[in-house]
Amino acid sequence: MSTAEKKGFCWTKENEALAQHHIAKYPEGRQQSAVMPLLDIAQRQNGGHVTVEIMEYIADYLDMPAIRVQEVATFYTMYNHRPIGKHHVQVCGTTPCWLRGSDKILAAIEAHLGIKKGETTADGLFTLGEVECAGACVNAPVVSIGDDYFEDLSPERVTEILDMIKDGKDVVAGPQNGRQTSAPLGELTSLTEFVEKA
Amino acid sequence: MPTLTIDGKEIEVENGITVLQACEEAGVEVPRFCYHERLSIAGNCRMCLVDMEKAPKPIASCAMPVGEGMVIHTNTERVKKAREGVMEFLLINHPLDCPICDQGGECDLQDQAVAFGRSGNRYEESKRAVEDKNMGPLISTTMTRCIHCMRCVRFSTEVAGVTDMGSLWRGEHTEVTTYLGKILDSEMSGNVIDLCPVGALTNKPYAFTARSWELKGTESIDVMDAVGSNIRVDARGAAVMRVLPRLHEDVNEEWISDKTRFACDGLKKRRLDRPYVRRRGKLEEASWSDAFAAIKKKLKGMKGAEIAGVVGDLADMESMLAFKDLLGKLGSKRIEGRQDGAAIDNAVRAGYLLNAGISGIEDADYLLLVGTNPRVEAPIINTRIRKAVLSGLKVGNVGNAEDLTYAVEEFGDDKAILNAIISGKHAAADALKKAERPMIIVGQGALTGEDGAAVLKAVRDIADTYCVKDGWNGYGMLHTAASRVGAMDLGLVTKGGVDSILDDASADKLKAVFLLGSDEIDTASLKKTFTVYIGTHGDEGVQNADVILPAAAYTEKSGTYINTEGRVQRTEKAVFAPGDAREDWTILRALSDVLGDTLPYDTLAQLRDALAKAVPAAKTLDTVPTEAWGDFGTAGDVASGGIAPTIENFYLTNPIARASETMSQCVDAREDIAGEATGTHG
């Protein structure tokens, strides 16, 4: 019995099926390729972070050395190695978002939740972090909360969102200033005329 | 065979090699840190950048395969700037603590910074610091110095076959570490010290004891096992400070085992540095003449049949010959060279050699191990087997299932399997039959039982049926002792072996027993017998000795050894033996003088001439002989029963290793892991 099993980590039935689904994508004997999705599934099952026991469990599961799993899990920043709150709030601080006021967004969240970067609120609801480019520059500034992106934010709007999440209300993810995805706000500024194909 | 131009010189090279290798062939030096010819290509240090015409930017020559018509420049301004740039980046987070670094003076980073770096540094911010890692009692770590070449990670994964090392985190936060800070659990772990191009991984027992330029290097041979690894003994004054590997492609490549490297502190501990004579039950210090006189007095009137000798595992051939000759003059022919009681038959030389040679393992396509655990008996050979396995060798094992660091088909440890293999009714027989170059390696563990001779015969028959073909002798015996093949060549075998000598001694049939460094026998039965011990350490052999004559260890004499392949090699004298200790053969010759019949050699050269006459094979240095195949072993019933390798603990196989503090630390460190694993610890 592996250490992980002793400590009680084991796939739930659904996650086992999901893990097998990912492993099946790769040729026989290449099951190790599924290490990243499996780590992600395990992290979700474990409530947001991976532990040594989980990494060893996955190493056993994929028949690979535990150090290789640990290398992957520490290389990618989306695997957490410490417990996090129920909602992981990640503020993008890279140049476009920064130019569009990410500092103010971050300050607003810090003030509202009463925590600093890297900390978790006392009620265990929110963990705050700053990340490098979230890849949604056209909708800067951007904050991701859990699996959702909240875009085109203002300091006021982001605190509203946090409150709504706290109260268990539904929040619509995506642009918060009323525009559709990354289309221009208001009227079209280019390609304004529809030209029939000759 | 592509032709390329390197710095204006046209050169034709083998297909499939890299630009860096081609540059080497052309005699052009390319600096590098991560590239190592025995490891996979990583391409992560960027130091080997060179210019290739038609390429938009410099290329990493270690990772670029050669192509027809390539034009390479290594001396352009751009290459110079690229190297300076890489060097400057490498040095950004390097502490530049050379004055307090053990690698100083033999550091790749230091040398290449001087040769290829800028003179100044434009980095003014804080350098990063990295916590040191625990890698056990052998490897000292200063991870702030690490430049992330990953040679150690690749070595442990690829060559040593233990996946204990890796690099965690990323970018500036990258840290090379062992898994959860455990020790690097390999018998080959010390090689990462040589591989580390900086001072991140250094020799822990040697730490801060010497500077490389103070040491006198002596090219020698290792005697910790029967491999005969080529080593360099670094000494300062009278002390051996460290042991390093020397390159020998057919023996140890450029690796040595941890015992070879780290047991050298045992050369300073528990040494016999003066003769002792037992008086009234107590060992007392004595002069050489008193010791010799005591022996003369005791031997007076003793018949040759009442005298016997046992040769230990570390004896060189010169000593063994002088030992044999001395006992011969006393009328005794009863000298045993197989301390462990293995039923080696010395009738046919091919019967006790690894005939294909160590590098021949790479030519084999199937290997059957019988009663051997090469990982602890000869880590260098195990590493060679692993290398062959990675390129297609299949391995089967009759014996204890152990982790040999490669895939092994386990057939169980029942000796009776051998009968089934001979008659062809076993999976191993099919595999041997199918193979073009099948190989069988028998270990000493298979030969030490009651039916050892019959097992040897059975293995011989298997080899005869499957493994010996035209131009290929796949039969091999893996010895555990450096002296063993030489002892067999000198005919040091007796009926009944060492057990019968000990039995006769306790039954009072033997009146005197001479021990030449024999520490692996139970000397309790020699309590009543007059025992003369010639050796280096206060170990098992001196427990019941009546006269102790202090001798020289392998680093203190020039001695001939024949390794398990039959390769003749010589140790060289690096330091003098401590105190009154003398080289074994001079002791034996002086003793013979006192006893009234002087041995006929006054110099080492004369002794070597005598050796060449006694063992013609000892004349040819450093070749693997081709010996005629024959019949050996004794036909008999191979009883059903377990077959187990001989070595209990890799780190404690000989008196030098047992005296070594470092080796004890290795044992303790491993007991700690075992304790944790079973939950009995603390």
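Where in chain A does A:C137 lie? In this predicted model, whose residues are numbered from 1 along each chain as its sequence is written and whose chains are lettered from A, A:C137 lies in the loop between strand 2 (126-131) and strand 3 (143-145) of chain A. Local features need pLDDT of at least 70 and side-chain atom pairs count only at pLDDT 80 or more, while totals for chains, interfaces and linings use all residues; side-chain values use heavy atoms, with hydrogens and water left out. Helices (H or I, at least four residues) and strands (E, at least two) are DSSP runs, numbered from the N terminus.

A:C137 belongs to a set of cysteines that an unreviewed UniProt entry lists under "binding site", together with A:C92, A:C97 and A:C133. Such positions are given in the numbering used here, feature names are shortened, and annotations may be inferred rather than shown by experiment. A:C137 counts as partly exposed at 36% relative accessibility, whereas A:C97 is buried at 2%. Here, buried means under 20% relative accessible area, exposed over 50%, and partly exposed in between (1.4 Å probe, protein chains only). A:C97 is placed in helix 6 (residues 95-99) of chain A. Leaving out residues up to four places away in sequence, A:C97 is in contact (heavy atoms within 4.5 Å) with A:C92, A:S102, A:A140, A:P141 and A:V142.

We turn next to the meeting of the two chains. The size of an interface is often given as the accessible area lost when the parts come together. Chain A and chain B bury about 1,200 Å² between them, and carbon and sulfur atoms give 61% of that area; buried area is the accessible area (1.4 Å probe) that two parts lose on being put together, summed over both. A:I67, A:T74 and A:F75 supply 42% of what chain A buries against chain B, more than any other three residues. In terms of contacts, 13 residues of chain A meet 14 residues of chain B. Across this interface the rule finds six residue pairs in polar contact, both residues at pLDDT 80 or more. A polar contact is a pair of N or O atoms within 3.5 Å; within protein, one must be able to donate a hydrogen and the other to accept it, and residues adjacent in sequence count only if both atoms are side-chain atoms.

On the side of chain A that touches chain B, helix 4 (52-62) and helix 5 (66-75) of chain A are the elements that give two or more residues. Helix 5 gives the most, with seven residues. Helix 5 of chain A is also mostly covered, with nine of its 10 residues buried. Its cover includes helix 3 (35-45) and helix 4 of chain A, along with helix 4 (151-159), strand 7 (165-168) and strand 8 (175-178) of chain B.

Within chain B, B:R338 sits in the loop between strand 16 (335-336) and strand 17 (366-370). B:R338 is buried, with a relative accessible area of 9%. Its side chain reaches the backbone oxygen of B:T494 at 3.2 Å. Residues that B:R338 touches, beyond four places away in sequence, include B:R484, B:M488 and B:V498.
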